[in-house]
Amino acid sequence: MKLVSAHKLLFSMLFVLNLSFLQAQEVWTLEQCIDSAEVHNKRLRINALEMESSLQQENVVKGYRMPKLNLNADYKYFTDLPYQLMPMSVFGGPDGQFKEAQFGVPHHLNADLTLAIPIYNPELYGNIKTTKAATELTRIQNLKSKEEVFFEVSSVYYNAQIIARSLDFIDSNIVNAKQLLKNVELLQTQELLTGTDVKRARLKLLQLEKERETSSVKYERVLNVLKFLMGRPLSESIDIDQSIAFKKIENYEATSSLSVQLAEARAELLYTQINTLKKSRYLPSLNAFVTYGTTGYGYDQEPNRFLNFYPKGLAGIQLSMPLFNGMVTKRKIQHKQLEIDATSIQLELMQDQAEVNIENAIKEKNNANTAMEMVEEQLKLAESIYDQTILQHREGLVSLTDVIMAENEVNKAQMEYLATIIEYLKADLKLKKESGNLLIK
């Protein structure tokens, strides 16, 4: 029994270790990183809450056009009843003389229901349109923030891929450098090379190892930024798909960029605000109201103590016409008009800038497409020259300096190859963004 339990325990431990290893080696594609950012990125979560708040504010403003029903009640006790002046002529006295008198009872109760119905209010209906425009502005701002996060995630992901590819190149170069060092050391033992050549080969190896260490640290930093944008904890171990999907994609169908849509939404918001101000400046407000309740009068002194209630009810219409408010509305209209003029110019600026950015991105993509074939051929040629130089060095036909120079040409071709890929990917990313295609999956 103990042996069986030990086997079960060992199997469980191996299963847990294997599961942890698989989790640590989880590979994230770009689409998975973007999906994670869409759900967990704190900036986007804040924007989602702001969008929900904007919708609630729109509902609040719409609620003002609904009828309002209020219950009002009050109780008053008069320690001194109010005085009224009665003309003495009423009681047969002389004209032009008055006598003070106190009317009423000390206890006064009032309770009623009041129904207020807004019939027309230009400011209220203008505010409803304004909140709709503000909600649309918030929605586009939310999309704009999402676009920016997606752009950042894609850029960082591409940088991580490029660094990973450079690490592969460096590892391959280190293998070649170690093999070269062995060959040089062997030739030195045969007194065919000097100690200086060995030092040069060892120096080249040390330089590559130092370069790999630097690139590894840079790769970890980039992954940390990627995890931050994805909304993942920094302690989580992730890896990316290192295969770069380099495809020569044709230009995208151009639509209005979110920057232009955002400027248009701001302009629409200003238009609704200025229209509301203009209407509230001249148009009246009309409200209907209905009140029904009771009024109680009480007296607590002998011999006539009582508390009697009497019904009351009324209905009416209230008209409020603005005549003069110190030129405040006029000044607000002038202020909004200046904002509209500035926004119109800004919209034209955004449209012109989008056209320039699209044109530049297309040229960068075309240039990268053209350069890619050249740098691929250069890399193949540099690798071929390096392999031939290694063989010639083994036969003693070329010096170690020629080998190092050939290796440097390979390194240079590798970096140019990666730089061209970066240029293409970033140009394609910019073109997606400026043409309004970045959020389209």
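In the predicted model, Ser257 touches Ala354, Lys433, Glu434 and Gly436, residues up to four places away in sequence being left out of this list. Ser257 is placed in the loop between β6 (239-240) and α6, and its relative accessible area of 4% means that the residue is buried, since the limit for that class is under 20%.

The crossing of α6 and α7 is left-handed, and the contact of α6 with α7, divided by residue class, comprises twelve nonpolar, seven polar and eight charged residues.

In soluble globular proteins, nonpolar side chains tend to be buried together. The largest nonpolar core of the model contains 58 residues, and those with the most contacts inside this core are Val153, Tyr219, Leu226 and Tyr417. At least two residues of this core are supplied by each of α2 (30-40), α4 (122-189), α5 (195-230), α7 and α8 (400-434), with the largest share, 19 residues, coming from α4. For Val153, when residues up to four places away in sequence are not counted, the residues touched are Leu30, Cys33, Ile34, Ala37, Leu226 and Leu229. Apart from the core of 58 residues lies another core, which is made up of six residues and includes Leu137, Leu262, Ala265 and Leu269.

A further residue considered here is Glu100, which has its place in strand β4 (residues 98-102). Once neighbours within four places in sequence are left aside, Glu100 is in contact with Tyr83, Gln84 and Leu85. Glu100 and His393 are 293 residues apart along the chain, and their C-alpha atoms are separated by 130 Å in the model.

How values were computed. Residues are numbered from 1 along each chain as its sequence is written. This is a predicted model: local features need pLDDT of at least 70, side-chain atom pairs count only at pLDDT 80 or more; totals for chains, interfaces and linings use all residues. Side-chain values use heavy atoms; hydrogens and water are left out. A crossing is left-handed if the near helix is turned anticlockwise from the far one by less than a right angle, and right-handed if clockwise. Helices (H or I, at least four residues) and strands (E, at least two) are DSSP runs, numbered from the N terminus. Ala, Val, Leu, Ile, Met, Phe, Trp, Tyr, Cys and Pro count as nonpolar, Asp, Glu, Lys and Arg as charged, and the others, Gly among them, as polar. A nonpolar core is a set of buried Ala, Val, Leu, Ile, Met, Phe, Trp, Tyr and Cys residues joined through side-chain atoms within 4.5 Å. Buried means under 20% relative accessible area, exposed over 50%, partly exposed in between (1.4 Å probe, protein chains only). Contact means heavy atoms within 4.5 Å.
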